[in-house]
Amino acid sequence: MQVLCVFGHELVHSRHQMTSLNRGGSVEILDAKTKDKLCFLDKVEPNATIGEIKSMFHKSHPQFYPARQSIRLDPKGKSLKDEEVLQHLPVGTTATFYFRDLGAQISWVTVFLTEYTGPLVIYLLFYFRVPFIYAPKYDFTTSKHWVVHLACMCHSFHYVKRLLETLFVHRFSHGTMPLRNIFKNCTYYWGFAAWMAYYINHPLYTPPIYGEQQIRLALIIFLFCQFGNFSIHIALRNLRPPGSKTRKIPYPTKNPFTWIFLLVSCPNYTYELGSWLGFTLMTQCLPVAFFTLVGFIQMTVWAKGKHRSYLKEFRDYPPLRSPILPFVL
C-alpha cells in the first residue's frame, strides 16, 4: 500500500512536470568547473533544441559562440548534440545544464586545406631543389632517377585529391574543431612531408633494389588504393544529404571498390594504408615507411572508435565487419 502511494505521488509529480514543460519551462546553465550560475533562460519552449539553447546563451555571453560551447547534463558527462530536444531529455520544469568552454574553434574545411596544402608545397620545394636545402651545386638540378619524378607525381596527386575532396566531396558532421589542433596536425603532415621529401629527392638517393618491377608494382598498388579511397568517400557522401547530420550504415554499391564494406567498417582508412604501403614500396625510403606506420596506428584508433560507434548505434550492424583490416583488426 505504501509502495502504491509513493508510485501515485511520483506519477502525479511527473504529470505536473510534463504539463509545466509543455507550457514552457526554464533553463539554468552552470559552469561545469565552478558550478557558478552563468545564465538563466525563462519561458523556453519544450521543443527547443540544444542548438537553440546555445544561441540563447550566446546572446548573454557573446564571447562563447555556439561552436565553442559544450552543454552537458552532468559536469563530467558527454556533450549533448545540437539536435537533441529539451522535452526528450531527463530534466524537470527547470532544466539544469553545465557549460564547458571548448576554446577557440576553426572550421574543418580550413584545417584540411591548411594541413594538405603544406605537404604539397613543401615536397615540391625539395623536388626542385631550391637553395639552402642541399649543397649549392645541386640548386635547381633534377634527379637522374625516373622513380624520383614518379614519386613526386604520386605525392602531388594524393594531396591535390585530398584538397579537391575537402572542397567538393566531404560533408562534415561537426563544423569546427579546436584551433590548437591545427598546429598539431600541420606539424605532423608538414614535418613528415619535409622528412620524406628530403631523402627521396636527395642527390645521393638510390632507387629500389628490384628496379622497374618493384616500382611498377608499387604504382599499381598506389593508384588502385587511391581510386578505392575516392570511391569510399563518394559512397559516404551519398549517405548524408546536404546540411544533414544523419548517420546510416554504409553498404557496398555497384562500384566494385566499395565491396570491401562487406568486411570492413572504415575502408577509406584501409585504402589510405594501401596507398602509403605502395608509396613505401615505390621509394624504398625509411621515412616513408615510418610515416606509413604512424599513420596506420592513428587510423586504427579512429577506425576502432567508428566501429564501436556503429555497433552501439545500429543493432542490425553487419557482424562480420572488422574496423580496418578484414578478419584481423
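This is a predicted model: local features need pLDDT of at least 70, side-chain atom pairs count only at pLDDT 80 or more; totals for chains, interfaces and linings use all residues.
Strand β1 (residues 25-31) and strand β4 (residues 94-101) run parallel and are joined by six bridges.

On to the helix pairs. Two packed helices are described by the angle between their axes and the distance between the axes. For helix α3 (residues 108-127) and helix α4 (residues 146-168), the axes come within 9 Å and cross at roughly 165 degrees. With angles over 145 degrees counting as roughly antiparallel, α3 and α4 are therefore roughly antiparallel to each other. Their crossing is left-handed. On the α3 side, the contact includes Val-109, Phe-112, Leu-113, Tyr-116 and Leu-120, while α4 brings in, among others, Val-148, Ala-151, Cys-152, His-155, Tyr-159 and Arg-162. Sorted by type, the residues of the α3 contact with α4 come out as 16 nonpolar, five polar and one charged.

Helix α4 also packs against helix α7 (residues 267-283): here the axes come within 10 Å and cross at roughly 165 degrees. That angle makes α4 roughly antiparallel to α7, and the crossing of α4 and α7 is left-handed. From α4, the contact draws on Val-147, Leu-150, Ala-151, Cys-154, His-155, His-158, Tyr-159 and Arg-162; from α7, on Glu-272, Trp-276, Phe-279, Met-282 and Thr-283. The tally for the contact of α4 with α7 is eight nonpolar, three polar and two charged residues. Ala-151, His-155, Tyr-159 and Arg-162 of α4 turn up in the contact with α3 and again in the contact with α7.

A further pair is formed by helix α5 (residues 180-200) and helix α8 (residues 286-313), whose axes come within 9 Å and cross at roughly 155 degrees. α5 and α8 are therefore roughly antiparallel to each other. Tyr-188, Phe-192, Trp-195, Met-196, Tyr-199 and Ile-200 make the contact from α5, meeting Pro-287, Val-288, Phe-290, Phe-291, Val-294 and Gly-295 of α8. The residues of this α5 contact with α8 split into eleven nonpolar, one polar and no charged.

The UniProt record, again through an unreviewed entry, lists "transmembrane region" at residues 106-128, 187-205, 217-236, 257-279 and 285-303. Two of these spans can be set against the modelled secondary structure. Residues 257-279 are 57% helix and 0% strand, with end C-alpha atoms 20 Å apart. Residues 285-303 are 95% helix and 0% strand, and there the end C-alpha atoms lie 27 Å apart.

Definitions and conventions. Residues are numbered from 1 along each chain as its sequence is written. Side-chain values use heavy atoms; hydrogens and water are left out. Axes are lines fitted to C-alpha atoms, for helices over the stretch in contact, and angles run from 0 to 180 degrees between N-to-C directions. Helices (H or I, at least four residues) and strands (E, at least two) are DSSP runs, numbered from the N terminus. Angles under 35 degrees count as roughly parallel, over 145 as roughly antiparallel, 65 to 115 as roughly perpendicular and the rest as oblique. A crossing is left-handed if the near helix is turned anticlockwise from the far one by less than a right angle, and right-handed if clockwise. Contact means heavy atoms within 4.5 Å. Ala, Val, Leu, Ile, Met, Phe, Trp, Tyr, Cys and Pro count as nonpolar, Asp, Glu, Lys and Arg as charged, and the others, Gly among them, as polar. Two strands pair if DSSP finds at least two bridges between them. UniProt positions are given in the numbering used here, feature names are shortened, and annotations may be inferred rather than shown by experiment.
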